[in-house]
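Trainee: I'm new to this one. Could you walk me through it?

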Amino acid sequence: MNNHYRTFYGFTKTPFADAIGLAEILKTEALTGVSQRVAYAVGLGAAGVITGEIGSGKSTALRYAVSLLHPSEYRCLYVIGSSGSILELYRQLAAELGIETASSSRAVLLRHIRKGIGELVENQKKKIVLIIDEASLLRLDVFAELHTLLPIGKDARPGLSVIFAGHDSLIDKLMYRPSQPLASRVVARSHLEGVDREKMEAYIVHHLRIAGVENNLYDPTAVTAIHQGSGGLFRKANHLARGALIAAAAGQSMTVSAEHVRLAATELF
């Protein structure tokens, strides 16, 4: 496949791209809900949870919410969840803090991390936000230990908040008994679902515009096909919408139809 379709329709950049600028993110009610809950949890130095199906926009919503936290007041630390031990997560966190150590001891790493966070809280007056993406991959024993990071500072004032983002199974893991000390710190939860057809059409039109095309290239049947084929989830909708453009351009059609969406769907899982 090539970029012929971009020239054919007059796009100034690739439409329906996965990575877009913060200013280009479509401001939806769901996005506002996530940002409000993240701000609330962070303000209390507590924990927040964002869940949703694959491709529902969790990472985009989280990126937008975090962008509203002023860097002069907040320091955000990003780690990616995995099925590894707590040691792997500690190593990621130490790297985010700029801590260099060859130790493989959990206790030593935790001591270094707590010291690093404590210095940011006490000396630089920063509020620390630990963001764990793909948190649903974490093992139960990791959830059982993570709460030990939260009480930071000599006077135990809130200094570290944690925002978890992951699939729906994240909630199940937080409900297990070993996770209860951590789950008790959760004060806000957001769940992202697939959008309805009307919101999907607004999403499509928005992405056409930020790619340089003002008119809607998709006829009503195409919008319905994208909505149904994606289950209202943005990531798959992106792939279907872009693939349908390629199919339509190959047929020299200025309008994208449901048949073009069907052709695009044959390329996807």
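Mentor: Helices are DSSP runs of H or I with at least four residues, strands are runs of E with at least two, and both are numbered from the N terminus. Here, Y40 is found in helix 2 (residues 29-44). This is a predicted model, where local features need pLDDT of at least 70, side-chain atom pairs count only at pLDDT 80 or more, and totals for chains, interfaces and linings use all residues. Residues are numbered from 1 along each chain as its sequence is written, and side-chain values use heavy atoms, leaving out hydrogens and water.

Trainee: Is Y40 buried, exposed or partly exposed?

Mentor: Buried means under 20% relative accessible area, exposed over 50%, and partly exposed in between (1.4 Å probe, protein chains only). Y40 has 47%, so Y40 is partly exposed.

Trainee: How many aromatic pairs does a search of the whole structure find?

Mentor: Rings of Phe, Tyr and Trp (its six-membered ring) pair if their centres lie within 6.5 Å; planes under 30 degrees apart are stacked, over 60 edge-to-face, and the rest tilted. The search finds six. Y5 and F11 form an edge-to-face pair, 6.3 Å centre to centre with 65° between the planes. Both Y5 and F11 are buried.
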